[in-house]
Amino acid sequence: MIFVVLAIVKPSEGALDAHYYDRSCPAAEKIILETVRNATLYDPKVPARLLRMFFHDCFIRGCDASILLDSTRSNQAEKDGPPNISVRSFYVIEDAKRKLEKACPRTVSCADVIAIAARDVVTLSGGPYWSVLKGRKDGTISRANETRNLPAPTFNVSQLIQSFAARGLSVKDMVTLSGGHTIGFSHCSSFESRLQNFSKLHDIDPSLNYAFAQTLKKKCPRSSNRGKNAGTVLDSTSSVFDNVYYKQILSGKGVFGSDQALLGDSRTKWIVETFARDQKAFFREFAASMVKLGNFGVKETGQVRVNTRFVN
């Protein structure tokens, strides 16, 4: 059953429009949905990767698809910045864009494709549905060194609040969007500092459930020959968009330090507790926060890239 949320956006938040392609490319959302659905059936990791792609794209220069641009001899692009090495699944957006170029040449921006695909993977995974506001244009600049501005898995709550506030997002938006980790996967490098030599007083991060820490240690052996894909899912129902992420934080099983930190701060603890108790409230807030993030710093004039990987 699809949980539909009507996210209300004030006109002052931007001039994007949910009906932007109704006349110029009426099949746009159907084409994107079918592409995403087929890719997800082929590769279960696609939903988490596309959702992360949307977050990482919007956090750098606004939602302008700069994350899709390839590096050149003179410039290392965002997709090759360290935080984006695990995003992958760019081929899904490329496939959707190729189909859109056949149906409606030079009409649907890559940025809009990412935003619609992010909504679709959430819905296909059991999460809420919302109307994506459209009309973004694609960026022409992409720099790997700007990925350092992404919120890190080691951030404390104050750092998280500051990072999200710089994108026009509130404390509640931050805790809500962190819930996107419910369909996430992490490599060991993002959390293994919590598992040994954490501090002078504690070998293991004391906010981490001890038994859970031992499980993570087995998944991330200190041996240098472990697989490059070693890691763990970010909640126990990683293929389902639900509120289990928040329930795990309550039991000390937040994988990232930044996840578990949400329980230790009075500014965020009550939100975690609310969402752990009320999945409908989480879904409602997540839809609204995704619209808000998707409308931050977007370009409404400029180019619609024909190829996702190159500037026209």
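Start with Cys25 and Cys104: these two form a disulfide, with their sulfur atoms 2.0 Å apart. Keep in mind that this is a predicted model. If the word is new to you, a disulfide is a covalent bond between the sulfur atoms of two cysteines. Counting pairs of cysteine sulfurs within 2.5 Å, you get three disulfides here.

**The Cys25–Cys104 link**

- The link of Cys25 and Cys104 is right-handed, with 70 degrees about the S-S bond.
- Cys25 and Cys104 are both buried.

**The Cys58–Cys63 link**

- Cys58 is joined to Cys63 by a disulfide, and the S to S distance is 1.9 Å.
- Why is this disulfide called right-handed? Because the torsion about the S-S bond of Cys58 and Cys63 is about 115 degrees.
- Cys58 is buried, with a relative accessible area of 0%, and Cys63 is buried too, at 1%.

**The Cys188–Cys220 link**

- Another disulfide connects Cys188 with Cys220, with 2.0 Å from S to S.
- Here, too, distant parts of the chain are linked, as Cys188 and Cys220 sit 32 residues apart.
- You'll find Cys188 in the loop between β3 (185-187) and α7 (210-219), while Cys220 is in the loop between α7 and β4 (231-233).
- Is the link of Cys188 and Cys220 left-handed or right-handed? With -90 degrees about the S-S bond, this link is left-handed.
- Both cysteines of this pair, Cys188 and Cys220, are buried.

**The overall pattern**

- Number the bonded cysteines along the chain, and the disulfides follow the pattern 1-4, 2-3, 5-6.

**What about Cys110?**

- Which cysteine sulfur is closest to the sulfur of Cys110? It's the one in Cys25, but the two are 13 Å apart, so that's too far for a bond.
- Cys110 counts as buried, because its relative accessibility is 0%.

Note on methods:
Residues numbered from 1 in each chain as written. Predicted model: local features only at pLDDT ≥ 70, side-chain atom pairs only at ≥ 80, totals over all residues. Heavy atoms only, no water. Buried < 20%, exposed > 50% of the residue type's maximum accessible area, 1.4 Å probe, protein only. Helix = DSSP H or I, 4+ residues; strand = E, 2+ residues; numbered from the N terminus.
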